[in-house]
Amino acid sequence: MKQDSTLDRHATEPHNTDTYQMDVSRWTAGRNVLMFTALVSVIACLAGYFTNPARLFQSYLVAFAFTSVIGLGAMFFVQVQFLTGSAWSVTMRRIMENVMITLPAGLILFIPVALGLGYIYPWMNQQLMQTDPTLKLKAAFLNQNWFLIRTVIYFFLWSLWIGSIYRQSTKQDTERSIRQMHIASRWSAPGLFLVIAVGTLAAYDWLMSLEPTWYSTIFGLVTLSDGGLAFIATVSLICLGFRRAGILKNSITPEHYHDLGKWLFAMTAFYTYVAFAQYMLIWYANIPEETQWYRHRMGGSWLYVSLAMPFLRFLIPFFVLLSRPVKRSLTMIGVMSVWSLAVVYLDLYWVVMPTYYRNGVQPHWLDFATLAATVSICGLVFWGRFRRHKMVPVGDLRFEQSLNFENA
């Protein structure tokens, strides 16, 4: 089967034409765009607070969850690269690390959630907690103080691990020693536990407790799989954006995009597996406390969203990405990355909003304002790292191997 000739031509270009330090003027222009977006969106959110505070905090929770799961996905994948000694991803790993470093900023982004707990979570209603026999048993866990303490602990642990790994990676740019690789690997092993276990607890707190009588033991994994897919899509779009701007176009080759396409395909399939497992077990058990969650997502126009999800989340991306030429096409990788980010946001929206609007979908301009605010603030954290550090981990001993990587 004929492959993309443009990709094959780029694959033969020399690697030494790339510069690994971002130009100051280009960096300043990017920062200014992100700062302007953040300023406008934050002002819009403040206007929303005075006009419709309940909707502001509800929309903000979706946006906060969206950026947080991307950070968790980045943390997971960066640590996997260190643990496995992966060579193929080295030229992209600094981009991945800079996405990962946005997760600690989530503690600041959590402040509006903390301020709006009364608008977001029904367990803040003390009368409800004391009169409902099921919720009364959960009162020791679902309370304001313990909820806030747990969230601070989550971000403290994630920040400690992320900072330690990131420090070793950037230090290796000058040290060029295998020692940093070993230290990062030692941090990464328990770090994977922090992503899965602590990430699951965070998903329970931030999202599952929106309907406090409902429970699902696999809900955390479903949420984390959203983050894995959104992270790969984010990295793909950043790499494509850099390529279009003439940055790292010879260091991130068609072979790397091919593997990113494989990961988009794999995470699409994995999400479908765990989401279907959750649905199937709840459907089979037919316990009212569990089935109510799906019933709430079948009222009014939510039914159409629920029926569309298998097509949007699985059937369409699965069969599109199944083809090898598609995974080697820059255009299709870009299209499917945008698609993946859109459906992950839709999925989180579908998780959160039926809690408040049982009769159907009610879009609001604050949905866009809050998303722009969280994404642009995380973008500033991401972009700021390119001013201080190389755009690729040039000191990694597998760097040259990554430049010459080829798919089997």
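How are helix 13 and helix 15 oriented relative to each other? I shall take up that question for the structure before us, which is a predicted model.

Helix 13 covers residues 254-285, and helix 15 covers residues 302-321. Their axes come within 10 Å and cross at roughly 150°. Angles over 145 degrees count as roughly antiparallel, and the two helices are therefore roughly antiparallel to each other. The crossing of helix 13 past helix 15 is left-handed.

Which residues make the contact? Helix 13 contributes G261, L264, F265, T268, Y271 and T272, while helix 15 contributes R313, F314, P317, F318 and L321. By class, this contact has seven nonpolar residues, three polar residues and one charged residue.

I turn now to the cavities. The count comes to two cavities of 30 Å³ or more.

The largest cavity holds about 70 Å³ of space. Its lining consists of A65, S68, V69, L72, G199, A202, A203, W206, L207 and T223. Helix 3, residues 53-84, and helix 11, residues 178-206, are the elements that each give two or more residues to this lining. Seven of the lining residues are nonpolar and three are polar, with no charged residue.

The second largest cavity holds about 30 Å³. Around this cavity we find T67, S68, T102, L103, G106, L109 and C378. Here the elements giving two or more residues are helix 3 and helix 5, the latter spanning residues 106-109. The lining of the second largest cavity divides into three nonpolar and four polar residues, again with no charged residue.

Technical notes. Residues numbered from 1 in each chain as written. Predicted model: local features only at pLDDT ≥ 70, side-chain atom pairs only at ≥ 80, totals over all residues. Heavy atoms only, no water. Axes fitted to C-alpha atoms, helices over the stretch in contact; angles between N-to-C directions. Helix = DSSP H or I, 4+ residues; strand = E, 2+ residues; numbered from the N terminus. Parallel < 35°, antiparallel > 145°, perpendicular 65-115°, else oblique. Left-handed = near helix turned anticlockwise from the far one by under 90°. Contact = heavy atoms within 4.5 Å. Nonpolar A, V, L, I, M, F, W, Y, C, P; charged D, E, K, R; others polar. 1 Å grid on protein atoms, 1.4 Å probe; cavity = no way out; pocket = protein on both sides within 12 Å on 5 of 7 lines; lining within 4 Å. Points joined across faces, edges and corners; volume = space filled by probe spheres on them.
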